Amino acid sequence: MDEKHLHKHEKQTLWVVLLTAATMAVEIVFGLITNSMALLADGIHMGSHVLAIGMSWVAYIIVRRVSKTEKYKNKGDRILSLSAYTSGLLLLVFAFGIAWGAIQRINNPVDIQFREAILVACIGLTVNILSAILLHHNHEEEKDHNLQAAYLHVIADALTSVLAIAGLIIAMHWNIIWIDGVCALAGAVIISRWSIKLIVQSGKSLI
């Protein structure tokens, strides 16, 4: 990958990291102030994506610097693929975490503060839509598994927000509390498939 594309992707991921980190901080602070577990949980969840996307951003910095040395001149793509592979594994771990929480919620439904939870999900969805726009890439850039990994983290978060909003609205209007957990479980299954595909694609580049 040439230096122009590296610099472009580095800037894109940095903006997404900053945007996600700012949202994370606001949600955690207001979660503590209002004693809202929904806000606090979503803020911590945002933190996991700050970590993953931040790793993608750091990978671009490393590649840009080491590619100037003779020893690592042609190793940049492998470094980006390694970052993507690790990010894919993290995404899979997040999916299992969502699935476990969803199963617990289905088996043991709890009272939900619907309006507040829907508001949090809408905020998260808005941030993820903006992030997806920043990370959107064309067909020629699909070989950059690192950028694809960051993009998948954002899309996965957007998917969970959409499913959460749908589940919360259904649960609020028809009092079907367990549907919230079912929607989360469905999201976990889809995210798992995406992460496995990313792991396989980036893994092939490493071999």
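So, buried residues: they make up 43% of the 207 residues in this chain. Buried here means under 20% relative accessible area, exposed means over 50%, and partly exposed is in between, with a 1.4 Å probe and protein chains only. Before I go on, this is a predicted model, where local features need pLDDT of at least 70 and side-chain atom pairs count only at pLDDT 80 or more, while totals for chains, interfaces and linings use all residues. Residues are numbered from 1 along each chain as its sequence is written, and side-chain values use heavy atoms, with hydrogens and water left out.

Okay, the overall layout. You're looking at six helices and zero strands; helices (H or I, at least four residues) and strands (E, at least two) are DSSP runs, numbered from the N terminus. Now contacts, meaning heavy atoms within 4.5 Å. Take those between residues at least 6 apart in sequence: 78% of them join residues at least 24 apart.

On to the outside. The chain exposes about 11400 Å², and carbon and sulfur atoms supply 68% of that; the areas come from the Shrake-Rupley method with a 1.4 Å probe, and for residues only the protein chains shown count as cover. There's a nonpolar surface patch made of Val26, Val29, Phe30 and Ile33, with about 380 Å² of accessible area together. Patches take residues with over 30% relative accessible area and no salt bridge, joining like charges within 9 Å and nonpolar side chains (Val, Leu, Ile, Met, Phe, Trp, Tyr) within 5 Å. Isoleucine 33 sits in helix 1, residues 3-34, and counts as exposed because its relative accessibility is 60%.

Now, which side chains meet in salt bridges? The structure holds two of these, each being a side-chain nitrogen of Lys or Arg within 4 Å of a carboxyl oxygen of Asp or Glu. One joins arginine 64 and glutamate 10, at 2.7 Å from N to O. Arginine 64 and glutamate 10 are both buried. Then there's arginine 105 with aspartate 180, at 3.6 Å, N to O. Here helix 3 holds arginine 105 and helix 6 holds aspartate 180, 75 residues apart. Arginine 105 is partly exposed, because its relative accessibility is 31%, and aspartate 180 is buried at 15%.

Let's go inside. Serine 56, in helix 2, counts as buried because its relative accessibility is 0%. Leaving aside neighbours within four places in sequence, serine 56 contacts Ser83, Asn146 and Ala150.

How much space lies in the largest cavity? About 50 Å³. A cavity is a set of points on a 1 Å grid over the protein atoms alone where a 1.4 Å probe fits but cannot get out, and lining residues have an atom within 4 Å of a point. Points are joined across faces, edges and corners, and the volume is the space filled by probe spheres set on them. Among the lining residues are His45, His49, Phe94, Ala156 and Asp157. Helix 3 gives the largest share of that lining, four residues.

Last stop, tryptophan 194 in helix 6, residues 179-206. Its relative accessible area is 27%, so tryptophan 194 is partly exposed. Not counting residues up to four places away, tryptophan 194 touches Leu152, Ile155, Ala156 and Leu159. The C-alpha atoms of tryptophan 194 and alanine 156 are 8.6 Å apart, with 38 residues separating the two along the chain.

Technical notes. 1 Å grid on protein atoms, 1.4 Å probe; cavity = no way out; pocket = protein on both sides within 12 Å on 5 of 7 lines; lining within 4 Å.
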